[in-house]
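The following exercises concern the protein shown below.

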Amino acid sequence: MAGKNVGGPRFREGRKNGSYVRTGLARDHNHNPALNAGLFLPYAFAMVYTSRHAGVSFNTMKRNLLFIIVLLFAVCLLFTNATAQDATPLVAKLSPSSGSQVTGTVTFTPTADGTQIVADITGLKPGKHGLHIHEKGDCSAPDASSAGAHFNPTHSHHGGPATAERHVGDFGNVEADASGKVHFELKEKNLKFSGPDSIMGKSVVVHEKEDDLKTDPSGNSGARVGCGVIVAVK
Ligand SMILES: [Cu+2]
Ligand SMILES: [Zn+2]
């Protein structure tokens with residue numbers, strides 16, 4: 001057997017589905033295991049039909065039917081897994097920019113009532129710092145200017161989490177303690193994990209200064225001191 005299939009399907013016919021459920025399904029909704037179940041059904045009926053006409057005993061037929069039911073159950077399990085994996089948490093690992101010492105992680109976890117955002121950041125100056133999603137997943141420039149402007153699929157003005165008008169990734173300010181550490185949590189309703197307005201592949205930027213939550217384009221929050229591309233949690 002080539003390679004271990006940890007956590008994968010235990011049924012032979014399910015293995016092919018399993019490999020792409022694990023690698024690509026969250027990003028490719030065209031590969032639907034339900035379709036495979038649909039393709040499998042005619043095969044199952046053909047199997048029973050042929051068995052009957054070939055004079056196969058009733059017991060053998062019952063065994064075949066049981067086999068088919070177990071397989072269908074396996075396919076259903078795969079489909080359930082795939083749906084759960086559509087909601088894979090995302091993470092941005094922040095690296096220092098503009099000569100800072102900033103590192104940290106910002107995670108985006110889907111929940112029943114929105115996206116739970118948790119940021120843990122170190123190396124900031126004590127006080128408030130603007131935190132936003134920026135439109136490009138590129139933190140390569142020394143000043144993180146490569147991350148572009150604020151991610152703005154709704155063509156709105158800059159704001160904060162509680163303002164009527166805002167960019168979807170305007171998370172307001174995080175506040176670093178005396179040692180420069182931040183633990184920050186926020187629940188957001190309008191973040192998308194797939195489709196053209198997905199936050200996947202964008203970036204998270206933390207700024208040098210406090211965001212005033214109103215001034216375009218980025219709340220006068222100064223230099224970009226930390227930046228990380230938003231990717232799926234591995
Ligand atoms: Cu920003
Ligand atoms: Zn903004």
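**Exercise 1. Locate Ala144, describe its backbone and decide whether it is buried or exposed.**

Step 1. Ala144 lies in the loop between strand 4 and strand 5; helices (H or I, at least four residues) and strands (E, at least two) are DSSP runs, numbered from the N terminus.
Step 2. The model is predicted: local features need pLDDT of at least 70, side-chain atom pairs count only at pLDDT 80 or more, and totals for chains, interfaces and linings use all residues. Residues are numbered from 1 along each chain as its sequence is written, with chains lettered from A and ligands numbered from 1 in the order in which they are written.
Step 3. Although Ala144 is not a glycine, its phi is positive, about 60°.
Step 4. Ala144 counts as buried because it has 28 C-beta neighbours inside 10 Å. A residue is buried if 20 or more other C-beta atoms lie within 10 Å of its own, exposed if 12 or fewer, and partly exposed in between, with C-beta atoms placed from the backbone.

**Exercise 2. Examine Ser98, Lys189 and Pro217 in their loops.**

Step 1. Ser98 is in the loop between strand 1 and strand 2. Its phi is positive, about 55°, although Ser98 is not a glycine.
Step 2. Ser98 is partly exposed, because 18 other C-beta atoms lie within 10 Å.
Step 3. Lys189 belongs to the loop between strand 6 and strand 7 (203-207). Lys189 counts as exposed because it has 8 C-beta neighbours inside 10 Å.
Step 4. Pro217 is placed in the loop between strand 7 and strand 8. The peptide bond from Asp216 to Pro217 is cis, with omega near 0°.
Step 5. As background, most residues other than glycine have a negative phi, and most peptide bonds are trans.

**Exercise 3. In what order do the eight strands form the open sheet?**

Step 1. Along the sequence the pattern is α-α-α-β-β-β-β-β-β-β-β, that is, three helices and eight strands.
Step 2. The order in the sheet is 5-4-7-8-1-2-3-6, with antiparallel pairing; two strands pair if DSSP finds at least two bridges between them.
Step 3. Strand 5 (170-176) and strand 6 (182-188) are the edge strands, each pairing on one side only.
Step 4. Strand 1 (residues 90-96) and strand 2 (residues 103-111) are antiparallel and share five bridges; here Leu90 stands opposite Phe108.
Step 5. Strand 2 and strand 3 are joined by nine bridges and by a hairpin of two residues. Val106 faces Ala119 across this pair.
Step 6. Seven bridges link strand 3 with strand 6, where Val182 is the bridge partner of Ile121.

**Exercise 4. Which residues of the largest nonpolar core touch the most other members?**

Step 1. A nonpolar core is a set of buried Ala, Val, Leu, Ile, Met, Phe, Trp, Tyr and Cys residues joined through C-beta atoms within 7 Å.
Step 2. Of the 30 residues in this core, Leu94, Ala119, Ile121, Val174, Val182, Val204 and Val206 touch the most other members.
Step 3. Strand 8 gives the largest share, four residues.
Step 4. Not counting residues up to four places away in sequence, Ala119 touches Gly104, Val106, Leu131, Val174, Val182 and Phe184; two residues are in contact if their C-beta atoms, placed from the backbone, lie within 7 Å.
Step 5. For the protein as a whole, buried residues make up 29% of the 234 residues.
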